[in-house]
Each structure stands twice: as C-alpha cells, then as structure tokens.
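Visitor: I would like to know what stands behind each label used for this model. Please set the values against the definitions.

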Amino acid sequence: SATTRKPIRVVQIATKGDKARSCAFSPNGEHLAIGMSSGGLKVMEFHPSTSQVFWGKTFSDAITELKYSPCGRYLAEGSHDQNIDIFDVKAGYKHTVRCVGHSS
C-alpha cells in the first residue's frame, strides 16, 4: 500500500534457481505478466483473487522486456536472442507470431 508502505499481497512467482527479470501489468490491472530468467512467461491474475492464468516458455534466454498493447489485446515479450513473441491475451495467451531480428 502506498499509504502504509507495507505489502498488500505477497506471491511466490519463481521456482528454485529461476528469477523474475521483467514484468508488466495489463492495462485493466487484472493481470501481471512476469518474464523469467529461464525464458519462461508467467501470467498472474490479481483481481478478484490471485491465481496463475498462463505459463509458457518460448525462449531459452531470459525475458527482459514485456509490454501489453494499449487496448490489452496483445502481450509482447522480448529476449536477448533477437526475437519478439506476440501473445493474444483474449485467446488465453495463445502464441500468435514471432518477430525475428530485432536489436536493443
């Protein structure tokens, strides 16, 4: 809480040896996408309760960048392997397309 400076909710997101490297809230604030050092993508729902809604792994390198589209329909994840994956949120985070050759 910004008022009390105390956590509102503590959630275990990583397994042993894995770490969160990036995160992004959906525009409506209901989902938190978490990019893992193992290349996995975890999406948690925070409203009305806390639960995992998606887990997938399309990269072998850490996910260092996550962005939801302004409308909340798509989620983009980027890694140092020069690929960007796009997921369709409304279709249950279905992997839609891979963009190859980006540089950061």
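**Labels and their grounds**

Visitor: Which residue is the bridge partner of H31 in β3?

Guide: In β3, H31 has E45 as its bridge partner. The model is predicted: local features need pLDDT of at least 70, side-chain atom pairs count only at pLDDT 80 or more, and totals for chains, interfaces and linings use all residues. Residues are numbered from 1 along each chain as its sequence is written, and side-chain values use heavy atoms, with hydrogens and water left out.

Visitor: What makes β2 and β3 a pair?

Guide: Strands are DSSP runs of E, at least two residues long, numbered from the N terminus. Two of them pair if DSSP finds at least two bridges between them. Strand β2 (residues 31-36) and strand β3 (residues 40-45) have five bridges, in the antiparallel sense, so they meet the requirement of at least two. Their hairpin has three residues between the strands, and G39 there takes a positive phi near 95 degrees.

Visitor: How many bridges join β3 and β4?

Guide: Six bridges join β3 and β4, again antiparallel, and W55 in β4 is the bridge partner of K42. β3 and β4 form a hairpin with five residues between them.

Visitor: What is the strand order of the sheet that holds β1 to β4?

Guide: The order of this open sheet of four strands is β1-β2-β3-β4, with antiparallel pairing. β1 (20-25) and β4 (51-57) are called edge strands, as each pairs on one side only. Neighbouring strands of this sheet are turned by 20 degrees against each other on average, direction ignored; such an angle is taken between axes, lines fitted to C-alpha atoms, and runs from 0 to 180 degrees between N-to-C directions.

Visitor: Why are β5 and β8 said to stand at the edges?

Guide: These strands belong to an open sheet of four strands in the order β5-β6-β7-β8, with antiparallel pairing. β5 (63-68) and β8 (94-100) each have a single partner strand, so one side of each is left without a neighbour in the sheet. Here too, neighbouring strands are turned by 20 degrees on average, direction ignored. Within this sheet, β6 (residues 74-79) and β7 (residues 83-88) pair in the antiparallel sense over five bridges, with L75 opposite F87 in β7.

Visitor: Why is R73 called partly exposed?

Guide: Buried means under 20% relative accessible area, exposed over 50%, and partly exposed in between (1.4 Å probe, protein chains only). R73 has 31%, so it counts as partly exposed. R73 is found in the loop between β5 and β6.

Visitor: What makes the pairing of R73 and D88 a polar contact?

Guide: A polar contact is a pair of N or O atoms within 3.5 Å; within protein, one must be able to donate a hydrogen and the other to accept it, and residues adjacent in sequence count only if both atoms are side-chain atoms. The side chains of R73 and D88 make such a contact at 2.9 Å.

Visitor: Which residues have the most contacts inside the largest nonpolar core?

Guide: A nonpolar core is a set of buried Ala, Val, Leu, Ile, Met, Phe, Trp, Tyr and Cys residues joined through side-chain atoms within 4.5 Å. The largest has 13 residues, and those with the most contacts inside it are A33, L41, V43, L66, Y68, L75 and Y93. β3 and β5 each supply at least two residues of this core, and the largest share, three residues, comes from β5. Apart from this core lies another, of six residues, among them A14, I34, M36 and F46.

Visitor: What makes β3 mostly covered?

Guide: Five of the six residues of β3 are buried.
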